[in-house]
2 protein chains.
Amino acid sequence: MKFDLSQAEENYLKAIYSIGIDTGKSVNTNQIALMMKTKASSVTDMVKKLSDKGLVEHKKYKGTILTRKGESIAVNTLRSHRLWECFLVDTLQFNWDEVHDIAEQMEHIKSDSLVDRLDQFLSFPSYDPHGDPIPDKNGVIKHHKNVMLSSVVAGDSCIVIGVKDSSSSFLKFLDNASIRLGNEIKVVTVEDFDQSMQIEIENKMITVSYQISKNLYVKK
Amino acid sequence: MKFDLSQAEENYLKAIYSIGIDTGKSVNTNQIALMMKTKASSVTDMVKKLSDKGLVEHKKYKGTILTRKGESIAVNTLRSHRLWECFLVDTLQFNWDEVHDIAEQMEHIKSDSLVDRLDQFLSFPSYDPHGDPIPDKNGVIKHHKNVMLSSVVAGDSCIVIGVKDSSSSFLKFLDNASIRLGNEIKVVTVEDFDQSMQIEIENKMITVSYQISKNLYVKK
DNA sequence: TAAAATTTTTAGACAAGTCTAAAAATTATT
DNA sequence: AATAATTTTTAGACTTGTCTAAAAATTTTA
(Lines give C-alpha, C1' and ligand atoms only; values in the text may rest on other atoms or scores of the structure.)
Protein backbone atom coordinates (compact mmCIF):
# COMPACT_ATOMS: atom_id res chain seq x y z
CA MET A 1 0.00 0.00 0.00
CA LYS A 2 1.10 3.55 -0.76
CA PHE A 3 1.26 6.04 2.10
CA ASP A 4 0.81 9.73 1.92
CA LEU A 5 1.48 11.07 5.35
CA SER A 6 0.97 14.55 6.69
CA GLN A 7 3.99 16.61 7.63
CA ALA A 8 3.04 16.19 11.28
CA GLU A 9 2.98 12.42 10.96
CA GLU A 10 6.37 12.37 9.24
CA ASN A 11 7.82 14.63 11.92
CA TYR A 12 6.61 12.35 14.69
CA LEU A 13 8.16 9.34 12.96
CA LYS A 14 11.45 11.21 12.64
CA ALA A 15 11.35 12.16 16.31
CA ILE A 16 10.63 8.59 17.42
CA TYR A 17 13.40 7.35 15.15
CA SER A 18 16.01 9.74 16.43
CA ILE A 19 15.18 9.16 20.09
CA GLY A 20 15.20 5.42 19.45
CA ILE A 21 18.62 5.55 17.78
CA ASP A 22 20.09 7.34 20.77
CA THR A 23 18.48 5.21 23.47
CA GLY A 24 18.14 1.87 21.73
CA LYS A 25 14.87 1.02 23.45
CA SER A 26 11.24 1.95 23.14
CA VAL A 27 10.43 5.61 23.36
CA ASN A 28 8.46 7.42 26.08
CA THR A 29 5.55 9.73 25.39
CA ASN A 30 7.22 12.57 27.27
CA GLN A 31 10.44 12.20 25.31
CA ILE A 32 8.50 12.56 22.09
CA ALA A 33 6.62 15.54 23.49
CA LEU A 34 9.90 17.18 24.43
CA MET A 35 11.44 16.64 21.00
CA MET A 36 8.27 17.73 19.16
CA LYS A 37 7.84 20.72 21.45
CA THR A 38 4.28 19.71 22.16
CA LYS A 39 2.21 18.24 24.99
CA ALA A 40 2.09 14.61 26.06
CA SER A 41 -1.62 14.43 25.33
CA SER A 42 -1.00 15.44 21.74
CA VAL A 43 1.60 12.73 21.46
CA THR A 44 -0.80 10.13 22.77
CA ASP A 45 -3.29 11.12 20.09
CA MET A 46 -0.75 11.04 17.28
CA VAL A 47 0.82 7.78 18.41
CA LYS A 48 -2.63 6.21 18.36
CA LYS A 49 -3.07 7.37 14.77
CA LEU A 50 0.34 6.12 13.68
CA SER A 51 -0.37 2.84 15.41
CA ASP A 52 -3.67 2.48 13.53
CA LYS A 53 -1.70 2.96 10.31
CA GLY A 54 0.80 0.27 11.28
CA LEU A 55 3.74 2.66 11.55
CA VAL A 56 4.45 2.27 15.26
CA GLU A 57 3.70 -0.24 17.98
CA HIS A 58 2.51 1.19 21.22
CA LYS A 59 1.80 -0.38 24.62
CA LYS A 60 -0.20 1.81 26.95
CA TYR A 61 1.92 3.47 29.62
CA LYS A 62 4.91 1.51 28.30
CA GLY A 63 6.29 3.09 25.17
CA THR A 64 6.43 3.28 21.40
CA ILE A 65 8.67 1.70 18.77
CA LEU A 66 8.68 2.11 15.01
CA THR A 67 7.57 -0.78 12.83
CA ARG A 68 9.73 -1.62 9.83
CA LYS A 69 7.43 0.49 7.67
CA GLY A 70 7.52 3.40 10.10
CA GLU A 71 11.29 3.27 10.30
CA SER A 72 11.56 3.22 6.54
CA ILE A 73 9.48 6.39 6.29
CA ALA A 74 11.49 8.07 9.03
CA VAL A 75 14.76 7.22 7.30
CA ASN A 76 13.49 8.45 3.95
CA THR A 77 12.46 11.72 5.51
CA LEU A 78 15.89 12.02 7.10
CA ARG A 79 17.49 11.30 3.73
CA SER A 80 15.44 14.01 2.11
CA HIS A 81 16.23 16.49 4.88
CA ARG A 82 19.96 15.91 4.70
CA LEU A 83 20.16 16.03 0.91
CA TRP A 84 18.28 19.33 0.89
CA GLU A 85 20.73 20.65 3.48
CA CYS A 86 23.57 19.72 1.13
CA PHE A 87 21.78 21.47 -1.71
CA LEU A 88 21.22 24.62 0.31
CA VAL A 89 24.84 24.83 1.45
CA ASP A 90 26.70 23.49 -1.61
CA THR A 91 24.49 24.80 -4.39
CA LEU A 92 22.79 27.88 -2.98
CA GLN A 93 25.69 28.90 -0.70
CA PHE A 94 23.74 29.13 2.50
CA ASN A 95 25.75 28.98 5.69
CA TRP A 96 25.39 25.73 7.67
CA ASP A 97 23.56 27.52 10.47
CA GLU A 98 20.77 28.73 8.15
CA VAL A 99 19.61 25.52 6.53
CA HIS A 100 17.91 23.42 9.17
CA ASP A 101 14.55 25.19 9.22
CA ILE A 102 14.36 25.36 5.43
CA ALA A 103 15.23 21.69 4.99
CA GLU A 104 12.62 20.93 7.64
CA GLN A 105 10.05 22.20 5.15
CA MET A 106 11.60 20.78 1.99
CA GLU A 107 11.90 17.25 3.36
CA HIS A 108 8.11 16.87 3.12
CA ILE A 109 7.77 17.55 -0.62
CA LYS A 110 6.00 14.58 -2.19
CA SER A 111 7.40 13.22 -5.42
CA ASP A 112 8.45 9.78 -6.65
CA SER A 113 11.82 10.77 -8.02
CA LEU A 114 12.66 14.21 -6.63
CA VAL A 115 15.00 13.08 -3.87
CA ASP A 116 16.82 10.56 -6.05
CA ARG A 117 17.37 13.17 -8.75
CA LEU A 118 18.64 15.60 -6.13
CA ASP A 119 20.97 12.91 -4.81
CA GLN A 120 22.34 12.40 -8.30
CA PHE A 121 22.71 16.13 -8.94
CA LEU A 122 24.71 16.41 -5.71
CA SER A 123 26.88 13.40 -6.73
CA PHE A 124 25.58 11.14 -3.98
CA PRO A 125 27.01 12.85 -0.90
CA SER A 126 27.67 10.70 2.18
CA TYR A 127 27.32 13.40 4.83
CA ASP A 128 25.28 16.54 5.26
CA PRO A 129 26.79 19.91 6.23
CA HIS A 130 26.60 18.99 9.92
CA GLY A 131 28.39 15.69 9.45
CA ASP A 132 25.27 13.52 9.70
CA PRO A 133 25.31 10.48 7.42
CA ILE A 134 22.87 10.46 4.51
CA PRO A 135 20.89 7.22 4.08
CA ASP A 136 21.16 5.78 0.58
CA LYS A 137 18.24 5.10 -1.74
CA ASN A 138 17.52 1.83 0.09
CA GLY A 139 17.55 3.44 3.51
CA VAL A 140 20.94 2.04 4.46
CA ILE A 141 22.72 4.42 6.81
CA LYS A 142 26.18 4.19 8.29
CA HIS A 143 25.96 5.22 11.94
CA HIS A 144 29.56 5.69 12.80
CA LYS A 145 29.67 8.83 14.87
CA ASN A 146 29.75 8.15 18.58
CA VAL A 147 32.92 9.66 19.95
CA MET A 148 32.47 13.14 21.42
CA LEU A 149 35.23 15.66 21.91
CA SER A 150 34.43 15.53 25.62
CA SER A 151 35.77 11.97 25.79
CA VAL A 152 39.16 12.85 24.33
CA VAL A 153 41.92 13.00 26.94
CA ALA A 154 44.53 15.73 27.34
CA GLY A 155 47.40 15.32 24.92
CA ASP A 156 45.36 13.53 22.24
CA SER A 157 44.34 14.94 18.88
CA CYS A 158 41.23 14.29 16.79
CA ILE A 159 39.32 15.44 13.73
CA VAL A 160 35.93 17.16 13.93
CA ILE A 161 33.43 15.06 11.95
CA GLY A 162 30.03 16.32 13.09
CA VAL A 163 27.84 18.32 15.42
CA LYS A 164 25.16 16.86 17.66
CA ASP A 165 23.35 20.15 18.20
CA SER A 166 22.47 21.91 14.93
CA SER A 167 21.12 25.08 16.49
CA SER A 168 22.09 28.30 14.80
CA SER A 169 23.65 29.67 17.99
CA PHE A 170 25.93 26.66 18.42
CA LEU A 171 26.98 26.68 14.76
CA LYS A 172 27.68 30.41 14.84
CA PHE A 173 29.91 29.86 17.86
CA LEU A 174 31.81 27.18 15.97
CA ASP A 175 32.22 29.49 12.97
CA ASN A 176 33.74 32.14 15.22
CA ALA A 177 36.07 29.65 16.83
CA SER A 178 37.18 28.29 13.42
CA ILE A 179 35.82 24.89 14.41
CA ARG A 180 34.76 23.29 11.11
CA LEU A 181 34.25 19.75 9.93
CA GLY A 182 37.59 18.23 8.97
CA ASN A 183 39.64 20.47 11.23
CA GLU A 184 42.09 18.90 13.66
CA ILE A 185 41.73 19.62 17.37
CA LYS A 186 44.46 18.99 19.90
CA VAL A 187 43.25 18.69 23.49
CA VAL A 188 45.80 20.46 25.63
CA THR A 189 44.27 20.39 29.10
CA VAL A 190 40.99 19.29 30.66
CA GLU A 191 39.78 21.08 33.79
CA ASP A 192 38.73 18.64 36.51
CA PHE A 193 36.24 21.05 38.02
CA ASP A 194 33.89 21.70 35.07
CA GLN A 195 35.39 19.54 32.32
CA SER A 196 36.16 22.61 30.23
CA MET A 197 38.98 22.05 27.76
CA GLN A 198 41.82 24.05 26.38
CA ILE A 199 42.18 23.04 22.77
CA GLU A 200 44.43 23.98 19.90
CA ILE A 201 42.71 24.47 16.54
CA GLU A 202 44.06 26.17 13.42
CA ASN A 203 47.11 27.21 15.46
CA LYS A 204 44.96 29.02 18.01
CA MET A 205 44.37 28.12 21.64
CA ILE A 206 40.83 28.41 22.90
CA THR A 207 38.79 27.20 25.82
CA VAL A 208 35.55 25.29 25.29
CA SER A 209 32.98 24.35 27.93
CA TYR A 210 31.72 20.80 28.50
CA GLN A 211 28.45 21.94 26.89
CA ILE A 212 30.44 22.56 23.71
CA SER A 213 32.72 19.50 23.78
CA LYS A 214 29.91 17.04 24.36
CA ASN A 215 28.16 18.29 21.21
CA LEU A 216 31.09 17.73 18.84
CA TYR A 217 31.60 14.37 17.14
CA VAL A 218 35.24 13.56 16.48
CA LYS A 219 37.42 10.70 15.23
CA LYS A 220 41.03 9.84 15.94
CA MET B 1 3.95 43.93 9.08
CA LYS B 2 5.26 40.46 8.20
CA PHE B 3 2.83 37.86 6.94
CA ASP B 4 3.11 34.14 7.25
CA LEU B 5 0.27 32.67 5.29
CA SER B 6 -0.90 29.10 5.10
CA GLN B 7 -0.49 27.23 1.84
CA ALA B 8 -4.24 27.38 1.37
CA GLU B 9 -4.25 31.14 1.73
CA GLU B 10 -1.43 31.54 -0.76
CA ASN B 11 -3.17 29.25 -3.21
CA TYR B 12 -6.37 31.27 -3.03
CA LEU B 13 -4.42 34.48 -3.66
CA LYS B 14 -2.76 32.88 -6.68
CA ALA B 15 -6.12 31.74 -8.01
CA ILE B 16 -7.70 35.16 -7.58
CA TYR B 17 -4.68 36.73 -9.24
CA SER B 18 -4.69 34.47 -12.26
CA ILE B 19 -8.44 34.79 -12.83
CA GLY B 20 -8.14 38.54 -12.42
CA ILE B 21 -5.30 38.76 -14.96
CA ASP B 22 -7.39 36.93 -17.53
CA THR B 23 -10.64 38.78 -16.96
CA GLY B 24 -9.44 42.17 -15.81
CA LYS B 25 -12.31 42.67 -13.39
CA SER B 26 -13.29 41.49 -9.95
CA VAL B 27 -13.52 37.77 -9.48
CA ASN B 28 -16.62 35.67 -8.75
CA THR B 29 -16.88 33.19 -5.93
CA ASN B 30 -17.77 30.39 -8.31
CA GLN B 31 -14.80 31.10 -10.54
CA ILE B 32 -12.51 30.78 -7.56
CA ALA B 33 -14.25 27.60 -6.47
CA LEU B 34 -13.77 26.16 -9.96
CA MET B 35 -10.07 27.00 -10.06
CA MET B 36 -9.45 25.78 -6.51
CA LYS B 37 -11.49 22.63 -7.11
CA THR B 38 -13.54 23.36 -4.01
CA LYS B 39 -17.04 24.50 -3.07
CA ALA B 40 -18.37 28.05 -3.20
CA SER B 41 -19.08 27.98 0.52
CA SER B 42 -15.45 27.22 1.25
CA VAL B 43 -14.45 30.13 -0.95
CA THR B 44 -16.76 32.47 0.92
CA ASP B 45 -15.12 31.46 4.20
CA MET B 46 -11.61 31.89 2.89
CA VAL B 47 -12.32 35.18 1.16
CA LYS B 48 -13.65 36.49 4.45
CA LYS B 49 -10.44 35.51 6.15
CA LEU B 50 -8.25 37.06 3.46
CA SER B 51 -10.37 40.18 3.63
CA ASP B 52 -9.87 40.39 7.41
CA LYS B 53 -6.13 40.23 6.77
CA GLY B 54 -6.31 43.04 4.22
CA LEU B 55 -5.27 40.88 1.28
CA VAL B 56 -8.49 41.11 -0.74
CA GLU B 57 -11.48 43.41 -0.95
CA HIS B 58 -14.80 41.70 -1.13
CA LYS B 59 -18.32 43.03 -1.66
CA LYS B 60 -21.02 40.55 -0.77
CA TYR B 61 -22.62 38.92 -3.82
CA LYS B 62 -20.44 41.15 -6.00
CA GLY B 63 -16.91 39.86 -6.18
CA THR B 64 -13.35 39.90 -4.92
CA ILE B 65 -10.22 41.78 -5.92
CA LEU B 66 -6.71 41.61 -4.56
CA THR B 67 -5.32 44.51 -2.55
CA ARG B 68 -1.81 45.68 -3.39
CA LYS B 69 -0.51 43.53 -0.54
CA GLY B 70 -2.48 40.49 -1.70
CA GLU B 71 -1.29 40.89 -5.26
CA SER B 72 2.29 41.18 -4.09
CA ILE B 73 2.00 37.88 -2.23
CA ALA B 74 0.35 36.21 -5.21
CA VAL B 75 3.10 37.39 -7.54
CA ASN B 76 5.83 36.26 -5.15
CA THR B 77 4.25 32.84 -4.95
CA LEU B 78 4.09 32.72 -8.75
CA ARG B 79 7.75 33.73 -8.91
CA SER B 80 8.68 30.97 -6.52
CA HIS B 81 6.61 28.42 -8.44
CA ARG B 82 8.14 29.29 -11.79
CA LEU B 83 11.71 29.38 -10.53
CA TRP B 84 11.28 25.96 -8.96
CA GLU B 85 9.92 24.69 -12.27
CA CYS B 86 13.09 25.95 -13.96
CA PHE B 87 15.17 24.22 -11.32
CA LEU B 88 13.33 20.94 -11.73
CA VAL B 89 13.67 20.95 -15.52
CA ASP B 90 17.07 22.58 -15.99
CA THR B 91 18.93 21.26 -12.96
CA LEU B 92 17.23 17.99 -12.08
CA GLN B 93 16.28 17.06 -15.69
CA PHE B 94 12.61 16.52 -15.11
CA ASN B 95 10.40 16.65 -18.19
CA TRP B 96 8.19 19.75 -18.44
CA ASP B 97 5.06 17.68 -17.89
CA GLU B 98 6.24 16.41 -14.50
CA VAL B 99 7.05 19.58 -12.65
CA HIS B 100 3.81 21.41 -11.98
CA ASP B 101 2.65 19.39 -8.97
CA ILE B 102 6.08 19.40 -7.38
CA ALA B 103 6.54 23.15 -7.84
CA GLU B 104 3.06 23.57 -6.38
CA GLN B 105 4.48 22.25 -3.13
CA MET B 106 7.87 23.94 -3.28
CA GLU B 107 6.45 27.40 -3.90
CA HIS B 108 5.24 27.51 -0.30
CA ILE B 109 8.62 27.00 1.39
CA LYS B 110 9.17 29.89 3.78
CA SER B 111 12.58 31.55 3.78
CA ASP B 112 13.84 35.10 3.46
CA SER B 113 16.45 34.45 0.81
CA LEU B 114 15.75 31.01 -0.66
CA VAL B 115 13.97 32.17 -3.80
CA ASP B 116 16.47 34.93 -4.53
CA ARG B 117 19.37 32.52 -4.16
CA LEU B 118 17.62 30.06 -6.43
CA ASP B 119 17.07 32.86 -8.95
CA GLN B 120 20.77 33.64 -8.87
CA PHE B 121 21.79 29.99 -9.15
CA LEU B 122 19.59 29.69 -12.26
CA SER B 123 21.09 32.91 -13.70
CA PHE B 124 17.88 34.91 -13.43
CA PRO B 125 15.71 33.16 -16.01
CA SER B 126 12.94 35.19 -17.67
CA TYR B 127 10.59 32.33 -18.50
CA ASP B 128 9.66 29.03 -16.94
CA PRO B 129 9.61 25.73 -18.88
CA HIS B 130 6.04 26.44 -20.07
CA GLY B 131 6.90 29.89 -21.36
CA ASP B 132 5.33 31.78 -18.46
CA PRO B 133 7.21 34.94 -17.50
CA ILE B 134 8.98 34.94 -14.13
CA PRO B 135 8.37 38.03 -11.96
CA ASP B 136 11.59 39.68 -10.82
CA LYS B 137 12.59 40.27 -7.22
CA ASN B 138 10.38 43.36 -7.07
CA GLY B 139 7.36 41.58 -8.47
CA VAL B 140 7.64 43.17 -11.90
CA ILE B 141 6.31 40.80 -14.52
CA LYS B 142 6.22 41.22 -18.30
CA HIS B 143 2.85 39.99 -19.53
CA HIS B 144 3.47 39.74 -23.21
CA LYS B 145 1.87 36.52 -24.29
CA ASN B 146 -1.57 36.99 -25.76
CA VAL B 147 -1.49 35.64 -29.31
CA MET B 148 -2.74 32.09 -29.64
CA LEU B 149 -1.93 29.75 -32.50
CA SER B 150 -5.67 29.61 -33.18
CA SER B 151 -5.60 33.23 -34.31
CA VAL B 152 -2.88 32.70 -36.91
CA VAL B 153 -4.23 32.58 -40.48
CA ALA B 154 -3.37 30.06 -43.16
CA GLY B 155 -0.10 30.81 -44.85
CA ASP B 156 1.44 32.58 -41.86
CA SER B 157 4.27 31.30 -39.68
CA CYS B 158 4.94 31.82 -35.97
CA ILE B 159 7.13 30.71 -33.09
CA VAL B 160 5.78 28.75 -30.13
CA ILE B 161 6.49 30.74 -26.96
CA GLY B 162 4.25 29.18 -24.33
CA VAL B 163 1.42 26.91 -23.30
CA LYS B 164 -1.79 28.02 -21.62
CA ASP B 165 -2.71 24.59 -20.31
CA SER B 166 0.11 22.95 -18.34
CA SER B 167 -1.59 19.61 -17.84
CA SER B 168 0.59 16.58 -18.25
CA SER B 169 -1.66 15.14 -20.98
CA PHE B 170 -1.40 18.29 -23.11
CA LEU B 171 2.36 18.54 -22.66
CA LYS B 172 2.84 14.87 -23.52
CA PHE B 173 0.86 15.43 -26.71
CA LEU B 174 3.11 18.35 -27.60
CA ASP B 175 6.22 16.23 -26.95
CA ASN B 176 4.95 13.58 -29.34
CA ALA B 177 4.16 16.17 -31.98
CA SER B 178 7.61 17.79 -31.61
CA ILE B 179 5.92 21.00 -30.58
CA ARG B 180 8.41 22.70 -28.26
CA LEU B 181 9.03 26.25 -27.14
CA GLY B 182 11.05 28.07 -29.78
CA ASN B 183 9.94 25.86 -32.67
CA GLU B 184 8.51 27.47 -35.78
CA ILE B 185 5.03 26.53 -36.92
CA LYS B 186 3.68 27.23 -40.37
CA VAL B 187 -0.09 27.23 -40.62
CA VAL B 188 -0.95 25.53 -43.91
CA THR B 189 -4.74 25.30 -43.85
CA VAL B 190 -7.52 26.06 -41.36
CA GLU B 191 -10.73 24.02 -41.53
CA ASP B 192 -13.83 26.21 -41.50
CA PHE B 193 -15.97 23.57 -39.87
CA ASP B 194 -14.11 22.88 -36.61
CA GLN B 195 -11.17 25.32 -36.82
CA SER B 196 -8.72 22.43 -36.88
CA MET B 197 -5.40 23.33 -38.53
CA GLN B 198 -2.90 21.63 -40.71
CA ILE B 199 0.50 22.86 -39.58
CA GLU B 200 4.07 22.25 -40.58
CA ILE B 201 6.55 21.81 -37.74
CA GLU B 202 10.07 20.37 -37.83
CA ASN B 203 9.44 19.47 -41.48
CA LYS B 204 6.43 17.38 -40.59
CA MET B 205 2.78 18.01 -41.41
CA ILE B 206 0.28 17.42 -38.65
CA THR B 207 -3.29 18.32 -37.84
CA VAL B 208 -4.18 20.00 -34.57
CA SER B 209 -7.66 20.61 -33.15
CA TYR B 210 -8.94 24.00 -32.04
CA GLN B 211 -8.63 22.72 -28.46
CA ILE B 212 -4.90 22.43 -29.11
CA SER B 213 -4.34 25.62 -31.08
CA LYS B 214 -6.12 27.83 -28.60
CA ASN B 215 -3.79 26.64 -25.82
CA LEU B 216 -0.55 27.55 -27.58
CA TYR B 217 0.94 31.02 -27.24
CA VAL B 218 2.88 32.15 -30.32
CA LYS B 219 4.63 35.20 -31.68
CA LYS B 220 5.30 36.29 -35.23
C1' DT C 1 4.18 -1.66 50.87
C1' DA C 2 1.51 2.38 51.26
C1' DA C 3 1.78 7.22 50.13
C1' DA C 4 3.72 10.55 47.01
C1' DA C 5 5.37 11.89 42.70
C1' DT C 6 5.51 11.26 37.99
C1' DT C 7 3.97 9.74 33.57
C1' DT C 8 0.43 8.72 30.49
C1' DT C 9 -4.13 8.66 28.96
C1' DT C 10 -8.83 10.40 28.54
C1' DA C 11 -12.29 13.90 27.96
C1' DG C 12 -13.68 17.94 26.14
C1' DA C 13 -12.48 22.08 23.60
C1' DC C 14 -10.60 24.99 19.84
C1' DA C 15 -8.75 26.74 15.08
C1' DA C 16 -8.17 25.83 10.20
C1' DG C 17 -10.14 24.34 6.24
C1' DT C 18 -13.41 21.75 4.26
C1' DC C 19 -18.26 19.93 3.33
C1' DT C 20 -23.71 19.68 2.71
C1' DA C 21 -28.06 21.73 2.95
C1' DA C 22 -30.77 25.60 3.20
C1' DA C 23 -31.55 30.61 3.03
C1' DA C 24 -30.77 35.01 0.84
C1' DA C 25 -29.52 37.92 -2.86
C1' DT C 26 -28.86 38.66 -7.64
C1' DT C 27 -29.72 37.94 -12.49
C1' DA C 28 -32.39 36.07 -16.29
C1' DT C 29 -36.78 34.97 -18.36
C1' DT C 30 -41.19 35.58 -19.88
C1' DA D 1 -42.48 43.32 -13.05
C1' DA D 2 -43.25 38.87 -11.25
C1' DT D 3 -41.35 34.36 -11.39
C1' DA D 4 -37.63 31.24 -12.26
C1' DA D 5 -32.87 30.17 -12.29
C1' DT D 6 -28.50 31.02 -10.64
C1' DT D 7 -25.08 32.61 -7.52
C1' DT D 8 -23.58 33.51 -3.05
C1' DT D 9 -23.82 33.30 1.77
C1' DT D 10 -25.04 31.25 6.19
C1' DA D 11 -25.51 27.53 9.46
C1' DG D 12 -24.03 23.54 11.25
C1' DA D 13 -20.96 19.66 10.99
C1' DC D 14 -16.54 16.99 10.24
C1' DT D 15 -11.24 16.18 10.28
C1' DT D 16 -6.58 17.19 11.74
C1' DG D 17 -3.70 18.54 15.10
C1' DT D 18 -3.42 20.96 18.99
C1' DC D 19 -4.52 22.35 23.95
C1' DT D 20 -5.98 22.17 29.26
C1' DA D 21 -7.67 19.79 33.08
C1' DA D 22 -8.59 15.73 35.27
C1' DA D 23 -8.34 10.68 35.79
C1' DA D 24 -5.67 6.49 35.67
C1' DA D 25 -1.54 3.88 35.70
C1' DT D 26 3.16 3.43 36.89
C1' DT D 27 7.27 4.42 39.41
C1' DT D 28 9.63 6.33 43.32
C1' DT D 29 10.23 7.14 48.07
C1' DA D 30 10.03 6.69 52.73
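Trainee: Which element gives the most to the surface near DNA strand C?
Mentor: That is α3(B), with five residues. Near means that the C-beta atom of the residue, placed from the backbone, lies within 6 Å of the strand. Helices (H or I, at least four residues) and strands (E, at least two) are DSSP runs, numbered from the N terminus. The model is predicted: local features need pLDDT of at least 70 and side-chain atom pairs pLDDT 80 or more, while totals for chains, interfaces and linings use all residues. Residues are numbered from 1 along each chain as its sequence is written, and chains are lettered from A and ligands numbered from 1 in the order in which they are written.

Trainee: How many residues surround DNA strand C, and which are the closest?
Mentor: DNA strand C is surrounded by 19 residues, the closest being Asn28(A), Asn30(A), Ser41(A), Ser6(B) and Ser41(B). Two or more residues each come from α2 (29-36) and α3 (40-52) of chain A, and from α1 (7-23) and α3 (40-52) of chain B.

Trainee: How many residues does each chain give to the contact between chain A and chain B?
Mentor: Chain A gives 13 residues and chain B gives 13 residues. Contact means C-beta atoms, placed from the backbone, within 7 Å. On the side of chain A that touches chain B, α5 (100-106) and α6 (114-121) of chain A give two or more residues each. The most come from α6(A), with four residues.

Trainee: Why are β6 and β7 of chain A called edge strands?
Mentor: The open sheet of five strands in chain A runs β6-β5-β4-β3-β7, with antiparallel pairing. β6 (204-208) and β7 (216-219) of chain A each have a single partner strand, so one side of each has no neighbour in the sheet. Neighbouring strands are turned by 45 degrees against each other on average, direction ignored.

Trainee: What makes β4 and β5 of chain A a pair?
Mentor: Pairing requires at least two bridges found by DSSP. β4 (residues 184-190) and β5 (residues 197-201) of chain A have five bridges, in the antiparallel sense. In β5(A), Gln198(A) is the bridge partner of Thr189(A).

Trainee: Which residues have the most contacts inside the largest nonpolar core?
Mentor: Val218(A) and Val218(B) do, in a core of 64 residues. Such a core is a set of buried Ala, Val, Leu, Ile, Met, Phe, Trp, Tyr and Cys residues joined through C-beta atoms within 7 Å. Buried means that 20 or more other C-beta atoms lie within 10 Å of the residue's own, all placed from the backbone. Leaving out residues up to four places away in sequence, Val218(A) touches residues including Val147(A), Leu149(A), Val160(A) and Ile185(A).

Technical notes: Contact = placed C-beta atoms within 7 Å. Buried ≥ 20, exposed ≤ 12 C-beta atoms within 10 Å, placed from the backbone. Axes fitted to C-alpha atoms, helices over the stretch in contact; angles between N-to-C directions.
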